[in-house]
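I opened my notebook for a first look at this structure.

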Amino acid sequence: MFSAVFPGTTWNDGKWRNLTSKMTKALESFLVFLEVNEDDFEKRKILAKSIGRRNLYQFFDKEIQILDKELTPHTSFNHSALLDKMLINQLFYYHPQTDKVKNIHHLETAKKYAEEYFNSLQLKLSCDELVHSQIINTKSNRLPTNTQTPYFIKLYEKVYNVLNEGTDISFKSAKLFIEKNIDTFNNEDKKFGLLHLINFAISKDNLGIYSYKNEIFDLFKIGLDQNIFIENGILSEKTFTNIVSISSSLGEFHWAKNFIHDYEKHLPIKSKNDAKTLGLANLHFQQNEFSQVIDLLIHFNSNSLTELFIGKTMLLRSYFELFLQNQSFFEMVIAYTYSFEHLVKRKKKLPEERSKGCLNLSKLLRRLSKLIFDNNWNQKTKTDFIETVINTEPIIGKNWLILRLKEM
């Protein structure tokens with residue numbers, strides 16, 4: 001590179017370091033420019049500030065009034081606009097040539113929106129804090145809901161109530177509010193509301209409240225329609241596999257197949273094949289096509305431990321399901337349980353909770369297979385086994401196993 005830039009010149013370390021330092025600073029300035037250039041309002045705000053510093057008060061005044069008028073609040077006012085409203089009025093009021101007495105209302109406006117911004121931000125952050133079960137006091141942070149309250153603040157309050165109360169009523173109220181007012185929110189708030197409700201519904205489903213499966217599916221479809229799950233052209237592999245899993249579990253096989261076809265192009269390149277394989281395997285599993293699952297996953301590998309064990313656990317369950325259909329698969333399912341356990345023990349970086357959950361599932365399926373193969377499966381052993389599963393923690397796929405046992 002040095003030879004290309006300075007042909008015929010002897011290597012000079014200081015000269016090269018100086019050049020690369022300048023290049024780095026130029027690149028940083030360019031990245032800032034790109035960020036600002038994508039936001040027309042931000043550009044004009046910076047322009048107004050720049051004009052105000054150059055003894056052009058007449059033009060500064062005019063630009064500020066235009067920007068302030070554009071920020072007149074209404075029900076679809078967004079969170080960042082509160083901050084802009086405060087900054088614009090503060091910028092105008094504190095300009096040296098502004099008549100402070102005559103324009104006291106700009107100071108009052110700046111103060112009002114500073115308080116609203118702070119309160120709404122506290123409320124939004126409190127939602128995420130609740131997710132992590134931290135003790136908080138939000139009484140002084142919450143804004144009263146009334147007809148004049150912007151919709152995005154009402155959204156934060158709805159989500160907060162869901163996370164704080166944990167009731168079906170609060171969840172359904174928040175979901176209905178989002179469905180009715182989705183077009184009034186910016187993408188950040190759409191994503192905030194939908195992801196919190198999705199995670200809440202998934203936690204309920206994991207507790208065995210299976211009516212929430214339809215709610216999860218509805219919320220995912222809303223998110224897809226609003227294009228909030230794709231950022232910079234990328235859909236995360238976790239979201240992709242979750243959508244396939246929930247749609248397949250509801251018997252929406254045609255929908256799930258179309259989703260895989262339409263959205264696989266948005267997966268990160270490094271994990272595209274893994275995510276697609278897991279998605280297709282899940283689709284086959286839910287359709288009881290266990291041989292196809294095994295064909296897809298028998299050689300499955302992944303750099304992600306999470307994805308690796310999602311695949312290997314599904315493979316274990318598929319071997320067991322084939323055994324239930326045909327006991328000639330007994331040796332195969334037993335052999336795979338041992339192989340699976342060896343893999344778990346080799347992966348030292350696997351979180352302890354997940355490691356124990358995988359081992360417990362494998363040992364229980366091996367024990368269950370032996371009971372069935374030895375003709376020791378009856379109502380008493382079934383009742384005892386279900387009780388054992390219920391009292392064992394953790395178990396990966398516990399709800400699936402309990403449901404499967406009840407069907408046997």
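Which are the buried residues of α13? I found D274, A275, T277, L278, G279, A281, N282, L283 and F285. I call a residue buried under 20% relative accessible area, exposed over 50% and partly exposed in between (1.4 Å probe, protein chains only). Helices here are DSSP runs (H or I, at least four residues), numbered from the N terminus.

**Ground rules.** I am reading a predicted model, where local features need pLDDT of at least 70, side-chain atom pairs count only at pLDDT 80 or more, and totals for chains, interfaces and linings use all residues. Residues are numbered from 1 along each chain as its sequence is written, and side-chain values use heavy atoms, with hydrogens and water left out.

**Confidence.** I checked pLDDT, the predictor's confidence in each residue, from 0 to 100. The protein averages 89, and 95% of the residues score at least 70. Over residues 134-143 the pLDDT is below 50, yet this stretch has 19 contacts in the model beyond near neighbours in sequence. Contact means heavy atoms within 4.5 Å. Where pLDDT is low, the predicted coordinates should not be read in detail.

**Helix α13.** The expected span of a helix is 1.5 Å times one less than its number of residues. For the 15 residues of α13 that gives 21 Å, and the end C-alpha atoms are 21 Å apart, which agrees. What covers its buried residues? The cover includes α11 (237-249), α12 (253-263), α14 (290-297), α15 (305-325) and α19 (398-407). Just after α13, I noted that N288 takes a positive phi of about 60°.

**Helix α6.** Next I looked up residues 104-131. This helix has 28 residues and reaches 42 Å from its first C-alpha to its last, close to the 40 Å expected. Its buried residues include H106, A110, Y113, N119 and C127. Among the elements covering the buried residues of α6 are α4 (57-70), α5 (79-93), α7 (151-165) and α9 (187-206).

**Cysteines.** How many disulfides are there? Taking a disulfide as a pair of cysteine sulfur atoms within 2.5 Å, I counted zero. C127 is buried, with a relative accessible area of 0%, and C358 counts as buried at 1%.

**F220.** I found F220 in helix α10 (residues 212-225). At 4% relative accessibility, F220 counts as buried. Leaving aside neighbours within four places in sequence, F220 is in contact with I198, F229, T239, N242, I243 and I246. F220 and T239 are 19 residues apart in sequence and 9.1 Å apart in space, C-alpha to C-alpha.

**Salt bridges.** My rule was a side-chain nitrogen of Lys or Arg within 4 Å of a carboxyl oxygen of Asp or Glu. The count comes to 22 salt bridges. One of them joins D68 and K85, with the closest N and O atoms 3.0 Å apart. D68 lies in helix α4 and K85 in helix α5, so the pair ties together parts that are 17 residues apart in sequence. D68 and K85 are both buried.

Being four residues apart, E116 and K112 are separated by about one helical turn. E116 is partly exposed at 21%, and K112 is partly exposed at 39%.

I also jotted down K213 with D205, at 3.2 Å between the closest N and O atoms; K213 and D205 are buried. My last entry is a network of salt bridges linking D40, R44, E63 and E70.

Terms used:
Helices (H or I, at least four residues) and strands (E, at least two) are DSSP runs, numbered from the N terminus.
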